[in-house]
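Here are a few friendly notes to read alongside the model.

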Amino acid sequence: MEKYFMNCFNLKVFYAMVMGFSTDQCLKAKPDFRKNGGADTEHCEQLSVHAHVVLLGREWFAAKASDLQSLVSDKVDLKSNLQKSSSNFFTFGPAGSGEQLRQESIPFSDGLVHGKRRWFLMAPKDFEKLREKAKDVLEPASAFMFFEQQKEELEEDFGLGGKKMKFWECNQLPGEIIYIPSGTIYTSLNLHDGLSYKQNIATSLKAVAERVNNNIWAPETGVVPNGYQFGACFDYMDFASAGQKLDNQVNPLQGQIIQQIMAQYYPGEKAQNLLILNVLAECNSVMTAEGLDQELVTSTYCPRVWDICVSKLERNANSLGASIPSWLKSTPKPDQIKAEL
């Protein structure tokens, strides 16, 4: 964590503030080395889970963490990790950071705590027109590159901002909250070192299913690792196979970059097992929920990913000289938890 702040932020003071040190300690912090906002920091924005929503099925799964602890690092508090369901986040990044244009299937709100941020928003139907017209120019790029280079070219040469390709743009200041409807194409650029609070909003049962899917496989969101966790259920984190299985392919260039990031932060079987177990815990919370419409359950990725992820977990366990518990080999059912209580 400290290495990230030292590499991405200009001052150690920001790290000291985030880690909760006193004001005196923050003021005594010395500059590390200067990072120029933009090329040096464009991929530095990060998401951190802040709060957790505990569902009965997920709590039941987490309660069995002792059966699974040998599959992950001893340094991981597996029970606590499995209890978390990512709906609320802190987003933080240095000046110049921000991810590529992306789209999320569920709405969210983002409240800026510190810094200043520039937003670009576009309706899906208008973006489709732009993408068709400028497909050779509109390649995945950081928010910095989009605002500095792509946006002007798209406006001048391809009609971005015209009647048929409208967009919205605004600057967000501390204390201001922005609401992003589902499906909106957006990107945001940190103009100063920034910290914000993001909360996903479930407006219907369908939105709940979409939230579950976003924590399994949602490459269009660009959220690491949640949007790519299903990739860990394949050998060598094969994103192409994961996308093909769920009919949701990742952009090849983006996938190559994310695969490198995932391999760096989750090397080896134990680290990847944690991602697999997060997928299984997420699915267990849905597949064991009593009274839930089964059409809703089948609209999630869970029925399609369960056996694949269990099989990969078992192969990883064998290579570690361990085994998976017998209860994990059975597909979760709505009456499963009630029968044990």
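This is a predicted model: local features need pLDDT of at least 70, side-chain atom pairs count only at pLDDT 80 or more; totals for chains, interfaces and linings use all residues.

1. Residues are numbered from 1 along each chain as its sequence is written, and side-chain values use heavy atoms, with hydrogens and water left out.

2. Back to the pocket. On a 1 Å grid over the protein atoms alone, a pocket is an open set of points where a 1.4 Å probe fits, with protein on both sides within 12 Å along at least five of seven lines; lining residues have an atom within 4 Å of a point. The second largest pocket holds about 570 Å³ of space, a volume being the space filled by probe spheres set on the points, which are joined across faces, edges and corners.

3. Which residues lie nearest the centre of the second largest pocket? They are Leu101, Arg102, Phe127, Arg131 and Asn251, out of 22 lining residues. Strand S3 (102–103), helix H6 (124–133) and helix H7 (143–158) each give at least two residues to this lining, and H6 has the largest share with four. Helices (H or I, at least four residues) and strands (E, at least two) are DSSP runs, numbered from the N terminus.

4. Now the cysteines. The structure has two disulfides, a disulfide being a pair of cysteine sulfur atoms within 2.5 Å. In one of them, the sulfur atoms of Cys233 and Cys309 are 2.1 Å apart. The torsion about their S-S bond is about 95 degrees, so this disulfide is right-handed. Cys233 sits in the loop between helix H8 (205–214) and helix H9 (239–245) and Cys309 in helix H13 (residues 302–319), so the pair ties together parts 76 residues apart in sequence.

5. Cys283 and Cys302 form a disulfide too, S to S 2.4 Å. Here the torsion is about -90 degrees, so the disulfide is left-handed. Cys283 belongs to helix H11 (residues 268–287) and Cys302 to helix H13, so the parts tied together are 19 residues apart in sequence.

6. Are these cysteines buried or exposed? Cys283 and Cys302 are both buried, meaning under 20% relative accessible area, with exposed over 50% and partly exposed in between (1.4 Å probe, protein chains only). Cys233 is buried at 2% and Cys309 at 0%, whereas Cys170 is partly exposed at 31%.
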